[in-house]
Amino acid sequence: MTRERTRKIETTSNQLFLHVGQCGNQIGDSFWTFIDEAKQQHTSFLFHNQLNQKACFFIDTEPKVIQNYLNTINVCNIQKKEMITYPSKYYIEQSGCGNNWAIGFTQTREMVRKVMEDFRKEIEVLDRFDSTLMFHSIGGGTGSGLGSKLLQEIRDHYPKPYLLTQSVAPSAKGDSPLQNYNSILAIESLQEYADCIVWKENDELTRTIAYWKAKQHKTRKLGGGSIQSLLQNITLKDMNHAAAMDLIGLVLPYDSTSGGHNLPFNLGGFVQRLCPIPNAKFVDVRSAFYCKKRATHVLKHAIIPSIDHSMVKLCNDTLSSFTKTPWKSLSTQVIARGDEAIDTCTIEKMCKKAIVHVPWNPSSVHVDPLALGSSFHTAGATSVVTVASNRTSITSNISQFAHRASLQLNAKAYLHWYAKYGIESSRIEDALENCFSIIDAYDHLSAG
Ligand SMILES: Nc1nc2c(ncn2[C@@H]2O[C@H](COP(=O)(O)OP(=O)(O)OP(=O)(O)O)[C@@H](O)[C@H]2O)c(=O)[nH]1
Ligand SMILES: [Mg+2]
């Protein structure tokens, strides 16, 4: 059944954004700081016009991150004397979920009730409700457990609108012994309820930032930038800016080529193209930006200065940032936003050369040439490339969590932390099975 809808010119948000837990809110901070800096009528899709509020909810079970964010926008506002654009709603509790999926999933009933009630009220004032985009991490307790609960609730109450996530997976080094169970339990919910999972793994995110920094060093002839030393200097803020900007390239509205109208990005078409198979809906999304004039604060972190800044070169650099063999892509969409004429045939060929695609999909690469859009102009960008690819590389991350979780499960390690909150070991075994079925599906699809 196709869920693509007729598109009309609109002026208000048809998407809601949820930021859950520390990581989800910190990436949200970068995301909305950019939107604020680039704010023009063309970003209005991401705001509720009547109230001038961001169409987003900030949710955490501890106050630190959201409180910091609210303090910063207050300070900025006093200095800049501009209209405040607060999130639609924010929810803070005091206790945290102690890095435990079970606490986030089972002990947050009142918070879930409040969020869902306000979520419903937000939807009631929209012209149309198309999609939800949730930002969270899967390794802790709140983004992972409460995030899973919210996905379930949203899917139960609103089965048709698209449900997308940006899900941040923990680094292989690991922060917490519970991160493997948390991750596989969250992956099970993502697999069951989300239509598309934009996957960010912290190690790969760091490696990609080092890749771009090395390019900047080379272009600016700074020298001395070995990948190793560049890796050491990457901060959490860099990572969050990069993760936020990858999605900005996807969700920001664009100018139509005829009539000067602005249109919301077609997330529905994106999901249908990238994730038509229910067992394989993990997508790697990367954006690169070229700026001629002064960039806004957030964009500075994402900027790729290049001597030859043509769209084709920017595409090529972005495609080269993907790790190569042995992975294959099931489907790739390249979104090229710029004011110059865009050579889609060349970009398509380049994409097929840079990324190995499965042989059975005749339209595995799709190039979308879009006009830049004035919000990017305001932010100082002149070309923006976003490459989204549904790739088998996801199986390497999932099998790592599954392997470690199965060792812990065999040793009956840490299970009491979950049983205490009503999550028995059989539930963790099911989550493990689900991980293996995702790996099998990708293996099967990439064969041949
Ligand atoms: N990229 C990125 N990863 C983060 C950030 N904050 C935490 N993480 C990662 O997310 C995982 C922990 O999740 P958090 O988001 O801190 O936890 P939470 O959702 O707030 O849950 P609790 O604090 O356990 O209630 C770890 O793998 C961290 O490395 C961030 O700002 N950016
Ligand atoms: Mg936390």
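The average pLDDT of the protein is 85, and 83% of the residues score at least 70.

The model is predicted: local features need pLDDT of at least 70, side-chain atom pairs count only at pLDDT 80 or more, and totals for chains, interfaces and linings use all residues. Residues are numbered from 1 along each chain as its sequence is written, while chains are lettered from A and ligands numbered from 1 in the order in which they are written.

**Helix packing**

Two packed helices are described by the angle between their axes and the distance between the axes. Helices are DSSP runs (H or I, at least four residues) numbered from the N terminus. Axes are lines fitted to C-alpha atoms over the stretch in contact, with angles from 0 to 180 degrees between N-to-C directions.

| Helix pair | Axis separation | Angle |
|---|---|---|
| H1 and H5 | 6 Å | about 90° |
| H4 and H5 | within 11 Å | roughly 40° |
| H12 and H13 | within 10 Å | roughly 20° |

At about 90°, H1 is therefore roughly perpendicular to H5 (65 to 115 degrees; under 35 is roughly parallel, over 145 roughly antiparallel, and the rest oblique). Gly21, Cys23 and Gly24 of H1 meet Thr142, Gly143, Leu146 and Gly147 of H5. This contact comprises two nonpolar, five polar and no charged residues; Ala, Val, Leu, Ile, Met, Phe, Trp, Tyr, Cys and Pro count as nonpolar, Asp, Glu, Lys and Arg as charged, and the others, Gly among them, as polar.

With axes crossing at roughly 40°, H4 is oblique to H5. The crossing of H4 and H5 is right-handed, that is, the near helix is turned clockwise from the far one by less than a right angle. Val112, Val115 and Met116 of H4 make the contact with Lys149, Leu150, Glu153 and His157 of H5.

H12 (residues 311-320) and H13 (residues 344-354) are roughly parallel to each other, and their crossing is right-handed. Among the residues in contact are Val312 and Leu319 in H12, and Ile347 and Met350 in H13.

**Ligand 1**

Ligand 1 has 24 residues around it, of which Gly21, Gly140, Gly141, Gly143 and Pro170 come nearest; a residue is near if its C-beta atom, placed from the backbone, lies within 6 Å. Helices H1 (21-37), H5 (142-157) and H9 (236-251) each give two or more residues to the shell. By class, the shell has seven nonpolar, 16 polar and one charged residues.

Note on methods
Contact = placed C-beta atoms within 7 Å. pLDDT = per-residue confidence, 0-100.
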